[in-house]
2 protein chains.
Amino acid sequence: MKDFPMVFDLLNPEIIPSHVDNHIIRKLSSLRGQFYDNKAFEDMLAIEDTVIYEVYEIKRPEVAGEMLMGISIVHPGKVGQEFFMTKGHYHTILETAEVYYCMRGEGFMVMENPEGEFSIECLSPGRVLYVPPRWAHRSICTSRQDDLITFFVYPADAGHDYGTIEDRGFHKMVIEKQNSIEFIDNPKWNK
Amino acid sequence: MKDFPMVFDLLNPEIIPSHVDNHIIRKLSSLRGQFYDNKAFEDMLAIEDTVIYEVYEIKRPEVAGEMLMGISIVHPGKVGQEFFMTKGHYHTILETAEVYYCMRGEGFMVMENPEGEFSIECLSPGRVLYVPPRWAHRSICTSRQDDLITFFVYPADAGHDYGTIEDRGFHKMVIEKQNSIEFIDNPKWNK
């Protein structure tokens, strides 16, 4: 009988099974240029290259028909007024979708497409979000103390295009202002 | 701002959002020939064409890069000694995978591939199961009173091949015998 060890336990997402073989750690320095407040960024980095988010994924052949799945953990924190967030990416094969399921925490998925449309969707426990083909996406943790934990599935041949977002940014930023969460235009966004 | 209504709430899977536009209801009669005990099947059908399982899916273009997702609900019950189950299927594009996440209930995923390998994996709340490309799969509810509820994601171009399983059956059956659950060889299985 064949063994299927490719399993996560989403009731205990902080316990990562030993067979999960791809652990990606993104530190502050890898997000250089993405946060609005450059001074706050450099001041923070001078103290510590903080871990902003982590991804645990199971390696599978990166071919059409396979799917990649894993757990994304965005830690709580801010750079200036701006909440911790993932790099955000398009898929290299633009016409590929992604499914996100939020297990823990609170936050938002900021999305936009090459046609100039954009959207901000709430991530809260229980919620499944379908990111359609052509939509770049970034998850943002807005909790003050809890990780934002999501489970994701996407076509294994999709690939990641981080460069377009690194160059262009997203239309929208999520910031904390006078103790409330605000969506504002990103002054760095350049089409 | 574009609207993304394509959302499920997996903390409340029994509440199906109104935008879920594909509701599939499988009654006993649609599983004719799949259960081992023909007499128990016909006796049961003579009384009522019971709903065995239901699927709620969101319609998306059935093309590569899109994904289909939804909720599967297998009701509790037995035909003779054999637990209620889905029809089970290969994908028409054999080289496509599927991800299952179990939210409620208890049961098993019975799987096999054209090479003659087979496997039975436990489904319990929290558990994510990756069904790799080439593996036919059937979910089986073994609870006496609760639905088996899973969330699934698969490539939108995969398609469903039910015919191969209708002709051949699965290697393994899951039955109740003297109040315990047993896996036995399916006498109807024909390679």
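1. Contact here means heavy atoms within 4.5 Å. By that rule, 40 residues of chain A are in contact with 40 residues of chain B. Please keep in mind that this is a predicted model, where local features need pLDDT of at least 70, side-chain atom pairs count only at pLDDT 80 or more, and totals for chains, interfaces and linings use all residues. Residues are numbered from 1 along each chain as its sequence is written, and side-chain values use heavy atoms, without hydrogens and water.

2. How do the two chains relate? A rotation of 180 degrees with 0.0 Å of shift along its axis puts chain A on chain B, with an RMSD of 0.0 Å (least squares on C-alpha atoms of residues with pLDDT of at least 70 in both copies). That is the relation of a two-fold axis. Both copies use the same surface, since 100% of the contact residues of chain A recur in chain B.

3. Now the interface itself. About 3,400 Å² is buried between chain A and chain B, and carbon and sulfur atoms give 70% of that area (accessible area, 1.4 Å probe, lost when two parts are put together, summed over both). Strands E1 (7-9) and E4 (67-74) of chain A are among those that each supply at least two residues to the side touching chain B (strands are DSSP E runs of at least two residues, numbered from the N terminus).

4. One open sheet has seven strands, in the order E2(A)-E3(A)-E4(A)-E12(A)-E7(A)-E10(A)-E1(B), with antiparallel pairing (strands pair if DSSP finds at least two bridges between them). E2 (22-27) of chain A and E1 (7-9) of chain B stand at the edges with a single partner strand each, so one side of each lacks a neighbour in the sheet.

5. Arg26(A), for one, has Tyr53(A) as its bridge partner in E3(A).

Key: Chains are lettered from A and ligands numbered from 1 in the order in which they are written. Helices (H or I, at least four residues) and strands (E, at least two) are DSSP runs, numbered from the N terminus.
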